[in-house]
Amino acid sequence: MEQLSHVLVALLLALVAAEAAAVPGADLDGGVDGLLSHYDRVFSFGDSLTDTGNAAILPATASGPFSRAPYGETYFHHPSGRASDGRLIIDFIVESLGLPQPTPYLAGETAEDFRHGANFAVGGATALDPALLKSKGVMTFVPVSLSNETSWFNNVFDLLASSAYEQSNIMGSSVFYFGEIGVNDYIFALFSNRTAELAVSLVPDIVAVTRSALTAVIAAGASSMVVTGMLPLGCEPELLALFPGDADDYDRESGCITLFNELAELHNRALNRMLRKVQRAHPGATILYADIYRPIANLVASPGKYGFGNTPLAAFRGGGAGPYHFDMAAFCGTPDSTESSDPSEFLSWDGIHFTEAANRFIARAMLRGLYNASKLTPALL
């Protein structure tokens with residue numbers, strides 16, 4: 001049997017160790033620490049689902065809702081720059097590896113600031129450059145794309161390593177996490193065009209720019225990468241509220257918008273085909289696909305099974321009289337927004353982003369379901 005990569009074993013055993021720690025008599029001594037010692041830091045890329053503080057610093061977004069209450073109230077008890085009431089998926093993944101949280105790129109200046117890695121994700125960031133999106137009739141509001149984030153990585157890499165030996169050591173002891181990226185491209189396209197055709201046309205470009213970012217870090221020496229797929233867009237309270245349709249437009253079992261979920265599935269199939277090709281071209285690297293779609297779809301279909309309440313398509317904090325508790329005029333943090341009783345019973349925190357409880361659930365499910373790109377099944381392609 002082919003030996004599993006260090007990153008796959010480390011992630012999976014770290015997850016098992018974290019869960020076993022709550023079980024009396026569980027004993028994993030000697031099995032986890034050695035594997036975790038292979039990794040000293042995490043570099044992460046993405047948008048608001050991964051951003052741990054950059055949007056709160058970037059001038060274009062510094063006054064946004066993430067920097068104000070009630071964001072952060074559940075875990076940090078104050079706004080932390082995260083688009084949630086608490087921790088994000090990346091926080092739980094880093095914790096499972098037993099590593100310190102990487103510094104948001106815009107919050108660091110020196111090599112010491114980034115000794116434990118860096119988070120380059122920005123809330124509102126797109127996969128494609130804003131100029132390219134504008135040329136296609138798609139308007140954005142954050143001047144950051146995935147190419148900007150990879151350029152930021154190069155800046156940090158230059159700070160951390162001045163010799164070939166240092167470069168090799170840093171890249172070999174780092175995990176590169178590509179959080180979901182592209183959701184803003186699709187949502188902005190839907191807002192600009194009001195139809196799915198424009199959003200669908202962006203899929204090849206978004207997958208291509210993801211490939212460019214992936215191959216760029218591989219060229220720099222990265223050997224362990226985790227790439228996240230697209231979430232089920234049709235289950236987002238924001239889109240459900242802003243794109244009402246006829247009964248035939250919704251999945252009968254989940255209540256999600258079928259067409260938007262099909263867009264996400266199209267993205268994931270294209271992404272997986274790309275990952276398989278990149279893995280074949282770079283057999284010395286380990287590329288893992290993290291499925292975010294399935295855990296969310298499962299939670300929406302059977303929330304009670306996983307300890308959540310019976311309104312998985314509603315925002316915990318929001319407004320409006322509809323079933324999704326979402327209204328841009330009463331967005332989370334505004335005077336007219338209202339909240340439900342317990343965020344841990346909700347999937348969505350504000351209609352766009354997840355609660356800490358959902359992020360914990362998704363992170364654990366993603367880690368259990370990691371796919372090696374070389375072993376992706378036809379169902380995922």
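Which residue of strand 3 is the bridge partner of S44? In strand 3, S44 is bridged to N119. The views below show a predicted model, in which local features need pLDDT of at least 70 and side-chain atom pairs count only at pLDDT 80 or more, while totals for chains, interfaces and linings use all residues. Residues are numbered from 1 along each chain as its sequence is written, and side-chain values use heavy atoms, with hydrogens and water left out.

Figure 1. Strand 1 comprises residues 41–45; strands (E, at least two residues) and helices (H or I, at least four) are DSSP runs, numbered from the N terminus. Two strands pair if DSSP finds at least two bridges between them. Strand 1 runs parallel to strand 4 (residues 174–178), with 5 bridges joining them, and it also pairs in the parallel sense with strand 3 (residues 117–119), over 3 bridges. S44 has Y177 as its bridge partner in strand 4. In a regular strand the side chains alternate between the two faces of the sheet. Both faces of strand 1 are covered, with R41, F43 and F45 buried on one side and V42 and S44 on the other. Buried means under 20% relative accessible area, exposed over 50%, and partly exposed in between (1.4 Å probe, protein chains only).

**Figure 2. F176 in the largest nonpolar core.** A nonpolar core is a set of buried Ala, Val, Leu, Ile, Met, Phe, Trp, Tyr and Cys residues joined through side-chain atoms within 4.5 Å. The largest one holds 116 residues, of which F43, F176, L214 and M225 touch the most other members. Leaving aside its neighbours within four places in sequence, F176 is in contact (heavy atoms within 4.5 Å) with F43, F45, F153, M171, V217, A222, S224, M225 and V226.

Figure 3. E180 lies in the loop between strand 4 and helix 7, and is buried, with a relative accessible area of 1%. Although E180 and D47 are 133 residues apart in sequence, their C-alpha atoms are 7.1 Å apart. Leaving aside neighbours within four places in sequence, the contacts of E180 include G46, D47, T228 and G229. E180 is also one of the residues lining the largest cavity, among them F178, H267 and L271. Strand 5 (224–228) and helix 11 are the elements that give two or more residues to this lining. On a 1 Å grid over the protein atoms alone, a cavity is a set of points where a 1.4 Å probe fits but cannot get out, and a pocket is an open set with protein on both sides within 12 Å along at least five of seven lines; lining residues have an atom within 4 Å of a point. Grid points are joined across faces, edges and corners, and a volume is the space filled by probe spheres set on the points. The largest cavity contains about 60 Å³ of space.

**Figure 4. Helix 7 and the largest pocket.** The largest pocket holds about 570 Å³ of space. Of its 29 lining residues, F66, G124, F141, I352 and H353 are the closest to its centre. Helix 7 (residues 183–193) contributes the largest share of the lining, 5 residues. Helix 7 is followed by R194, whose phi is positive, near 65°.
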